[in-house]
Amino acid sequence: MTDQPGQPESSPAAPVLSEEHAAERVRLEREYLGWSTGELAKRMTAAGYPMNQSSVWRIESGEPRRRINLDEAIGFAKVFGLTLEEFLGPPESSSKRHMADMTNAVAAMYRRLLDLMKNTDAAFQIVDQYSQTFPQHAKELEDRIARAITEENRRRGPVRASPLIFLRFPTFRHAEQQADQPQGPASQG
């Protein structure tokens with residue numbers, strides 16, 4: 001409510017929704033998912049919104065672009081896993097959503113990697129304890145572990161990327177440097 005009678009209430013700006021946004025969103029989402037225009041047409045048809053490859057192409061690239069009717073807009077939103085408002089919103093929001101999805105995927109994989117590294121470290125501590133207790137078996141145990149790892153690499157294929165791949169991100173390097181510094185009263189703040 002405003003204090004002055006006769007003045008309209010101010011409200012947050014609503015996103016601009018348009019057919020141009022929708023046509024651009026069709027292309028962006030399709031490319032992000034790695035689908036061809038034919039694949040998208042098949043998925044639309046399977047979802048109950050019959051469409052052919054030519055229609056998808058004309059929506060994305062035609063001059064003039066083919067218009068999207070309301071049923072098709074609902075279908076595209078459904079096939080892409082978006083709300084209708086997201087589908088019709090500015091294409092930039094698509095990039096933000098994709099970046100958030102990718103960030104979440106990398107963070108989840110990194111969490112799994114950290115858990116695996118902790119478990120591996122714990123396993124090697126057990127190996128070290130065993131080797132200290134039974135030094136006469138240390139070399140044989142080391143050889144057995146090496147053969148087991150070699151066999152896993154043979155069956156699954158060797159790991160091509162090191163966990164250090166995360167060092168390509170400057171913020172990760174900064175976080176690692178901070179973690180390496182002693183944490184005391186002088187270093188805090």
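Helices, as counted here, are DSSP runs of at least four residues, numbered from the N terminus. On that basis the predicted model contains 8 helices and 0 strands, and its elements, read along the sequence, follow the pattern α-α-α-α-α-α-α-α. Among contacts between residues at least 6 apart in sequence, 57% join residues that are at least 24 apart.

The aromatic side chains were then examined for ring pairs, and the count comes to 4 aromatic pairs. In one of them, the rings of W35 and F80 have centres 6.0 Å apart and planes at 25 degrees, so the pair is stacked, the cut-off for stacking being planes under 30 degrees apart. This pair links distant parts of the chain, since W35 lies in the loop between α1 (19–33) and α2 (37–46), whereas F80 belongs to helix α4 (residues 70–80), 45 residues apart. W35 has a relative accessibility of 14% and therefore counts as buried, and F80, at 5% relative accessibility, counts as buried as well.

The rings of F76 and F80 also form a stacked pair, because their centres are 6.1 Å apart and their planes stand at 15 degrees. F76 and F80 are 4 residues apart in helix α4, so about one helical turn separates them. F76, with 0% relative accessibility, likewise counts as buried. Taken together, ring pairs link W35, F76, F80 and F87 into a cluster.

Terms used
Residues numbered from 1 in each chain as written. Predicted model: local features only at pLDDT ≥ 70, side-chain atom pairs only at ≥ 80, totals over all residues. Heavy atoms only, no water. Helix = DSSP H or I, 4+ residues; strand = E, 2+ residues; numbered from the N terminus. Contact = heavy atoms within 4.5 Å. Phe/Tyr/Trp six-rings, centres within 6.5 Å; stacked < 30°, edge-to-face > 60°. Buried < 20%, exposed > 50% of the residue type's maximum accessible area, 1.4 Å probe, protein only.
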